Amino acid sequence: MSAADSTVSMGAIAGDRSRTAAVMLIVLTIALVLTAVISLGVGPSGMPLGRVLAVLLAGPNADHLPAADVLIVWQIRMPRVLLGALIGASLAVAGAVLQGLFRNPLADPGLVGVSSGAALGAVTVIVLGPGVLAPVFLLVGFAALPIAAFTGGLIATIILYVIATRHGRTSVATMLLAGIALGAFAGAGTGLLIYVASDQQLREVTFWTLGALSGASWMKLAVCGPVMALVLLAAPVLGRGLNAIVLGEAEAYHLGINVQRMKKLAIFLVAAATGAAVAVSGVIGFVGIVVPHLLRLGMGADHRPLLPACALLGGILLLVADMLARTIVAPAELPIGIITAALGAPFFLWLLLRNRSFVDL
Amino acid sequence: MFEAENVTIRIGSRNILNAVSAKVEPGKLTVIAGPNGAGKSTLLKVLTGELKPDSGSVRFDGTPLAALAPHRLAARRAVLPQSSRLAFPFTVLEVVRLGLECRPGLSPALRRTAPLAALEKVDLGSFGGRHYQELSGGEQQRVHLARILCQIGEPVVHERPHYIFLDEPTASLDIRHQIETLDIARRFADGGGGVLAILHDLNLSAMYADHLIVMSQGEVAAEGTPRAVITDELMESVFGVRLKVGRQPAGDLPFVLPQAIG
Ligand SMILES: Nc1ncnc2c1ncn2[C@@H]1O[C@H](COP(=O)(O)OP(=O)(O)O)[C@@H](O)[C@H]1O
Ligand SMILES: [Mg+2]
C-alpha cells in the first residue's frame with residue numbers, strides 16, 4: 001500500500017474523519033427507519049408498503065382499516081421490530097465496548113462466553129423457576145428471567161476480565177481461551193439443566209440456545225426494552241474513556257481518565273446489554289463483532305461516533321436477519337441465531353484471513 | 001514540584017526501588033540514566049502516579065499523589081511511555097487529538113489547531129492523515145510526543161508550571177530527531193516547565209541535563225550536575241566498563257567514547 005493510498009483526508013484537515021462519521025450517522029439513521037418500516041410489511045401475510053404506512057399513520061386503534069392489518073402491524077410485528085432493533089443495537093454496542101475495553105477487535109459477547117453466561121442464567125430460571133426457585137420467582141415476577149440473564153452475563157464478563165488482564169495489559173490468547181472455557185462451562189450447566197427439564201421447558205430452552213425473535217411481545221418489550229434503551233443512552237459516556245484506553249490503561253490514566261471507574265461502568269453496561277438481549281431473544285452471535293468492525297473500516301475507531309453508529313447498524317442488521325428468518329422457510333420461520341451465525345461466521349473467517357495480525361498470540 | 005521520598009517498590013522478595021528519593025523541579029531538565037533494569041522506568045511510574053509505592057511518599061506541590069483525581073493531575077503533567085501499541089486503526093491526527101481529552105475548557109479554534117501545531121513541532125506536519133500503525137517505530141514515538149505536547153500545552157499556565165515525563169524519548173530516533181526532541185524538552189524547561197527524561201546516551205545527558213540522576217540496582221548511585229556525576233569511577237562502578245571520561249575543551253562538559261575503553 002502506498003503512502004497516498006493510506007492517507008485519510010476526507011475533511012478539511014488531513015486525518016480528520018469526524019465529518020465522514022457525521023454523514024454516516026445520518027445515513028444510518030435514515031436506513032434504520034426505512035428497514036424498520038419495510039420489516040413491518042414482511043411476513044407470512046405480506047403487506048405492501050403503502051398499506052403499512054396507512055396502518056402506521058392511523059394508529060393502533062384505527063377502526064376504518066381492516067382489523068387484521070391493524071392487529072398484525074401493531075400487535076405482532078411492531079413489538080418484534082422494536083425488540084429486534086433494540087437487540088441488534090445492544091449486541092453491537094456491547095461488542096464495541098468489550099472490544100474497546102480489551103483493546104482487541106476480536107472480543108465479542110458471543111465469542112468470549114458472556115452470552116453463554118447470560119443464557120445459563122436464563123435457562124436456570126426457566127427450568128428451576130417453577131420448582132426450586134419458586135420463591136425467588138414470586139418475589140421478582142417476570143423480571144426474574146432478565147435479572148438472571150444479566151447476572152450470568154456479569155459474572156462471565158468479570159471472570160473474563162480478571163483472568164485475561166494483568167498489569168493493565170490484556171492477553172488476546174488468554175482472553176479467547178478463557179472465553180472458550182467459560183462458554184463450555186456455561187454450556188455444561190445449560191446441558192445439565194436440559195437433562196432435568198420437562199418437555200415444555202425443553203422447547204423453551206432450545207429457543208434460547210438458538211436465538212429467536214418469535215416470542216416478541218409488548219410485554220417483553222416493556223421489561224427488557226428500557227434496560228437496552230438505557231444502556232444505549234449511557235454508552236456514549238464511555239466514548240472518551242474507551243478512546244484513551246486504546247493506548248493502554250496506564251496511558252489512559254495519564255490522560256486523566258479514572259480507569260477503574262470506567263472499566264466497572266463498561267463491564268456493567270456490557271452485561272446489562274447482553275443480559276437484556278439474551279433474555280428476550282436467546283443467544284444471537286456475531287452481531288457484536290461484525291458491526292463494529294465494518295464501521296471502523298468506514299469511519300475510523302473514534303468511539304464517540306462509533307458507539308451510536310454501532311447501535312444503528314446493529315439494529316439494521318438484526319432486522320434484515322429477522323426478515324430472512326421469516327421468509328426463507330415461510331410460512332415456518334428459522335431461529336434468527338442461525339441466520340446471524342450463517343452470515344457472521346464466514347465474515348469472521350474473512351476477517352481473520354484479511355488481517356492475521358489481529359491475533360498475534 | 002514532584003517529590004518522591006524514600007520510595008520502595010517490592011516485587012516478590014526483591015526491592016526494585018530501595019528507599020529512593022527524587023525531585024522534578026520546574027524550570028529544570030532532570031535526566032535519569034543507568035543500566036538496563038536499574039529501576040529508571042519504575043521510578044518514573046512512581047512519580048507519575050501509575051505505580052503506588054509500598055512505602056515512602058510521592059507528592060505533587062505538597063499533595064500526596066493518591067489524593068489527586070486523574071483529570072487534575074493530567075491537566076498539569078503528561079507522560080510519554082516507553083512504547084505504545086494501538087489495537088485500532090487510528091490516524092496520526094486522531095492519536096494526537098487524544099491529548100486533548102483532558103482539556104474540556106479549550107476553545108474550538110485551539111482544539112482544531114493545537115494538534116496540527118504539535119505535529120509541526122515534532123517534524124510530522126504532513127503525517128496527520130497517515131495511519132498510525134503504518135509508521136516506523138521512531139515516527140510513532142514522535143506522534144506520542146506530539147500527543148503529550150497537545151495535552152500539556154504551555155510550560156506555564158496561570159503562573160503554574162506544567163510537567164512532562166519522558167521514558168526513553170530518543171530510543172528509536174535518528175540523531176537529528178534525538179536532538180530535536182531534546183531541544184523541545186530543553187525549551188519546555190527554559191519556559192518554566194518541569195521535565196524528567198530517562199536517557200541512555202550519556203553524552204546527550206551531559207549536553208541537556210541540568211540535574212542528572214544515575215540509578216543502579218534500584219538505588220540512586222549518584223546525582224548532581226553531569227560534570228560532577230559522570231566520572232571514571234562511576235563508569236566502572238555503575239556501568240561496569242573501564243572507560244576514560246573525556247572533557248570537552250570548551251565548557252568542560254564530560255563525554256564518553258566506547259573507543260576509550262581500556
Ligand atoms: N511488573 C514487574 N514484575 C516483575 N519485575 C519487574 C516488573 N517491572 C519491572 N520489573 C523489574 O524491575 C527492574 C527495574 O525495571 P525498570 O524500572 O523497567 O528498569 P529500567 O531502568 O531499565 O527502566 C527490572 O529488573 C525488571 O525486570
Ligand atoms: Mg525502562
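Student: In which helix of chain A does A:Leu53 lie?

Tutor: Helices are DSSP runs of H or I with at least four residues, strands are runs of E with at least two, and both are numbered from the N terminus. A:Leu53 lies in helix H2 of chain A. This is a predicted model, where local features need pLDDT of at least 70, side-chain atom pairs count only at pLDDT 80 or more, and totals for chains, interfaces and linings use all residues. Residues are numbered from 1 along each chain, chains are lettered from A and ligands numbered from 1 as written, and side-chain values use heavy atoms, without hydrogens and water.

Student: Is A:Leu53 buried, partly exposed or exposed?

Tutor: Buried means under 20% relative accessible area, exposed over 50%, partly exposed in between (1.4 Å probe, protein chains only). A:Leu53 has 39%, so it is partly exposed.

Student: And A:Ser115, buried or exposed?

Tutor: A:Ser115 is buried, at 2% relative accessibility. A:Ser115 is found in helix H4 (residues 114-128) of chain A.

Student: What is A:Ser115 in contact with, leaving aside neighbours within four places in sequence?

Tutor: Contact means heavy atoms within 4.5 Å. For A:Ser115, the partners are A:Pro109, A:Gly110, A:Thr274, A:Val278 and A:Val283.

Student: Now chain B. What is the strand order of the open sheet?

Tutor: Two strands pair if DSSP finds at least two bridges between them. The order in this sheet of 4 strands is E2-E1-E4-E5, with antiparallel pairing. Strands E2 (14-24) and E5 (63-64) of chain B each have a single partner strand, so one side of each lacks a neighbour in the sheet.

Student: How many bridges join E1 and E2 of chain B?

Tutor: E1 (residues 2-11) and E2 of chain B pair over 7 bridges. B:Ala4 has B:Ala22 in E2(B) as its bridge partner.
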